[in-house]
Amino acid sequence: MEGNFGLVLDDLAQEHTLVGPHYPGAGGSPAAVEPLDLDDLADRLVAAAVAAGQDSFAVLGESLGSAVAVRIATRHPDRVRALVLTAGFSVADPVLALAAQLIRSLASAGQWGDVARLALLSCMSPAELAELEPADLDTPAAQTLTAMPPGMLDHFDLISRVDVRADLAKVAAPTLVVAPTGDRLVLPACSYRLAAGIPGAQLIELPGAAHVLNPADRATWLRHVRAFLAAVPALSA
């Protein structure tokens, strides 16, 4: 989390109270002993927010977190005031499903270096990768390997099973969908389908942005999200 979506949290904390529990196997949280369950994750996140004194709140989800956010909105509609879904999906399309399968297969074979290289290929934009010399790829691959949480395979297992398509029409909260158009792990079409399925959802694109946002794209994301949240009465009051 700290290496991607977590990079925006300090900025948002300047004007919002943030509650950011980690999924099992990430950020020091113990790894799961059973396969992750979407409803359980949704309920845990709500419980963490309520325990922190937040009876109602906006939910921000990135990648897998977008599916969790959608499920929170349908399981706990009275608590959710808004949704922000970034690089999200309702169900794994063939590209994401194949990536999840490859990552799990490589990891099972102990090929963690190749897992890191695949993650690097998937999470950087073509333009960002084109700026690197082939001889320079080992350093970011090693950094990616170091940043991988222990529960990553559990997360990708859940990614391969998630399906919140039936939830979309039930979402009543104001929703902002952000589509990084250079994302090669969760294709922009996945975000477009989220926006089309959620009543009244707003869609914005981050042209050329990758799955992991670079500093310039994070700044653009923050500008749009701040404007969206400021327009939600329960959050701006």
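Leu-132 counts as partly exposed, with a relative accessibility of 29%; here buried means under 20% relative accessible area, exposed means over 50%, and partly exposed is in between, using a 1.4 Å probe and protein chains only. This is a predicted model, in which local features need pLDDT of at least 70 and side-chain atom pairs count only at pLDDT 80 or more, while totals for chains, interfaces and linings use all residues. Residues are numbered from 1 along each chain as its sequence is written, and side-chain values use heavy atoms, with hydrogens and water left out.

Back to Leu-132: you'll find this residue in the loop between helix 6 and helix 7. Helices (H or I, at least four residues) and strands (E, at least two) are DSSP runs, numbered from the N terminus. Leaving out residues up to four places away in sequence, Leu-132 touches Met-124, Leu-137 and Pro-140, where contact means heavy atoms within 4.5 Å.

**Helix 4 against helix 8**

How do helix 4 and helix 8 pack, and at what angle? Helix 4 (residues 94-108) and helix 8 (residues 152-161) have their axes 9 Å apart and pack at an angle of about 145°. The axes are lines fitted to C-alpha atoms, for helices over the stretch in contact, and the angles run from 0 to 180 degrees between N-to-C directions. The crossing of helix 4 past helix 8 is left-handed, meaning that the near helix is turned anticlockwise from the far one by less than a right angle (clockwise would be right-handed).

On the helix 4 side, the contact is made by Leu-96, Ala-100, Ile-103, Arg-104 and Ala-107. Helix 8 meets them with Met-152, Leu-153, Phe-156, Asp-157, Ile-159 and Ser-160. Sorted by class, that contact has eight nonpolar, one polar and two charged residues. In this scheme Ala, Val, Leu, Ile, Met, Phe, Trp, Tyr, Cys and Pro are nonpolar, Asp, Glu, Lys and Arg are charged, and the others, Gly among them, are polar. As for the spacing along a helix, an α-helix has 3.6 residues a turn, so residues three or four places apart point the same way.

Ile-103 deserves a look of its own. Setting aside neighbours within four places in sequence, Ile-103 is in contact with Met-152, Leu-153 and Phe-156, and also with Val-115 and Leu-118. Ile-103 and Leu-118 sit 15 residues apart in sequence, yet their C-alpha atoms are 7.6 Å apart in space.

Ala-99 is in helix 4 too. Not counting residues up to four places away in sequence, Ala-99 touches Leu-118 and Leu-185. From Ala-99 to Ala-119 is 20 residues in sequence and 8.7 Å in space, C-alpha to C-alpha.

**Helix 5 and the cysteines**

Helix 5 (residues 112-123) has 12 residues and should span 16 Å at 1.5 Å a residue, which agrees with its end C-alpha atoms being 16 Å apart. The expected span is 1.5 Å times one less than the number of residues. Val-115, Ala-116, Leu-118, Ala-119, Leu-120, Ser-122 and Cys-123 are buried in helix 5. The cover over the buried residues of helix 5 includes helix 4, helix 6 (126-130), helix 7 (138-147) and helix 8.

How many disulfides does the structure hold? It holds zero, a disulfide being a pair of cysteine sulfur atoms within 2.5 Å. For Cys-123, the nearest cysteine sulfur is that of Cys-190, 14 Å away. Cys-190 is likewise in no disulfide, with the sulfur of Cys-123 as its nearest.

**Two loops with positive phi**

Most residues other than glycine have a negative phi, and most peptide bonds are trans. Ser-63 has a positive phi of about 60° although it is not a glycine, and it lies in the loop between strand 1 (57-62) and helix 3 (64-75). Ala-87 is another non-glycine residue with a positive phi, near 50°; its place is the loop between strand 2 and helix 4.

Ser-90 is also in the loop between strand 2 (80-86) and helix 4. Apart from residues up to four places away in sequence, Ser-90 touches Val-162, Asp-163, Val-164, Arg-165, Leu-168 and Leu-194.

| Residue | Relative accessible area |
|---|---|
| Ile-103 | buried, 4% |
| Ala-99 | buried, 9% |
| Cys-123 | buried, 18% |
| Cys-190 | buried, 3% |
| Ser-63 | buried, 9% |
| Ala-87 | buried, 1% |
| Ser-90 | buried, 7% |
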